[in-house]
Amino acid sequence: TWSHGRMTVPATINAVFALDSGLADRIVVLLGCAFASHVRVGGETNPEEFRETYGAHGENPVYGLGAPAAGAAMMMRRYLLRYGGTAEQLASIPVAFRNHASLNPDAAYRNRYTVQDYLANRIVVDPLRVYDCAAVTNSAGAYILARADEARDLVPKPIYISGFTGI
């Protein structure tokens, strides 16, 4: 499947279905992307264009929406119109994420920044700024899922999936 951050949930859901139906006892879910190897996400060299049509955020080059930030900006604008909010309030999310990442020696970006840094950053698609967008990096990860009866005696203790949504 097309694999980057937002595919983690569907991959997990499909693995849970396979475990629950008895198709497998354990499943390794591998995820990876190499976006930093591409020139940019969006525009003429957009790796997202290799997908079937339309992106998960409603992006479609036919309408000038060439990257996920465009669709996400429309959703954020709708949220702000419905519930209100300020740029300073929006800043609290990426500022908190970046400041938490600064504590991780393996994080790709470890510089801390402030609300003022956020507000000084350029707008990508109004109301979203650069710091609202996911960093374009190469990354990979893996996790193992097992049926509850297979996992109960594992060390460390397993984390149980009690429900999900999103297919």
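Predicted model: local features only at pLDDT ≥ 70, side-chain atom pairs only at ≥ 80, totals over all residues.

Residues are numbered from 1 along each chain as its sequence is written, and side-chain values use heavy atoms, with hydrogens and water left out.

**Stop 1: Arg129**

Select Arg129, which belongs to strand S3 (residues 128-129); helices (H or I, at least four residues) and strands (E, at least two) are DSSP runs, numbered from the N terminus. Arg129 is buried but has no salt bridge. Here, buried means under 20% relative accessible area, exposed over 50%, and partly exposed in between (1.4 Å probe, protein chains only). A salt bridge would need a side-chain nitrogen of Lys or Arg within 4 Å of a carboxyl oxygen of Asp or Glu. The nearest side chain of opposite charge is Asp132, 5.6 Å away.

What does the side chain of Arg129 reach at 3.1 Å? Show the backbone oxygen of Leu119 to find out. Then show the backbone oxygen of Asn121, which lies 3.0 Å from a polar atom of the Arg129 side chain.

**Stop 2: the aromatic pairs**

Searching the whole structure gives three aromatic pairs. Rings of Phe, Tyr and Trp (its six-membered ring) pair if their centres lie within 6.5 Å; planes under 30 degrees apart count as stacked, over 60 as edge-to-face and the rest as tilted.

Select Phe17 and Phe164: their ring centres are 5.7 Å apart and their planes stand at 70°, so this pair is edge-to-face. Phe17 is in helix H1 (residues 8-20) and Phe164 in the segment after helix H5 (148-151), so the pair ties together parts 147 residues apart in sequence. Phe17 is partly exposed at 44% relative accessibility, and Phe164 is partly exposed at 40%.

Next, select Tyr113 and Tyr131. With centres 3.9 Å apart and planes at 15°, this pair is stacked. Tyr113 is buried at 6%, while Tyr131 is partly exposed at 24%.

**Stop 3: Thr12**

Finally, select Thr12 in helix H1. Is Thr12 buried or exposed? Its relative accessibility is 16%, so Thr12 counts as buried.

Definitions and conventions: Lys, Arg positive; Asp, Glu negative; His and termini not counted. Polar contact = N/O pair within 3.5 Å; in protein donor to acceptor, adjacent residues only side chain to side chain.
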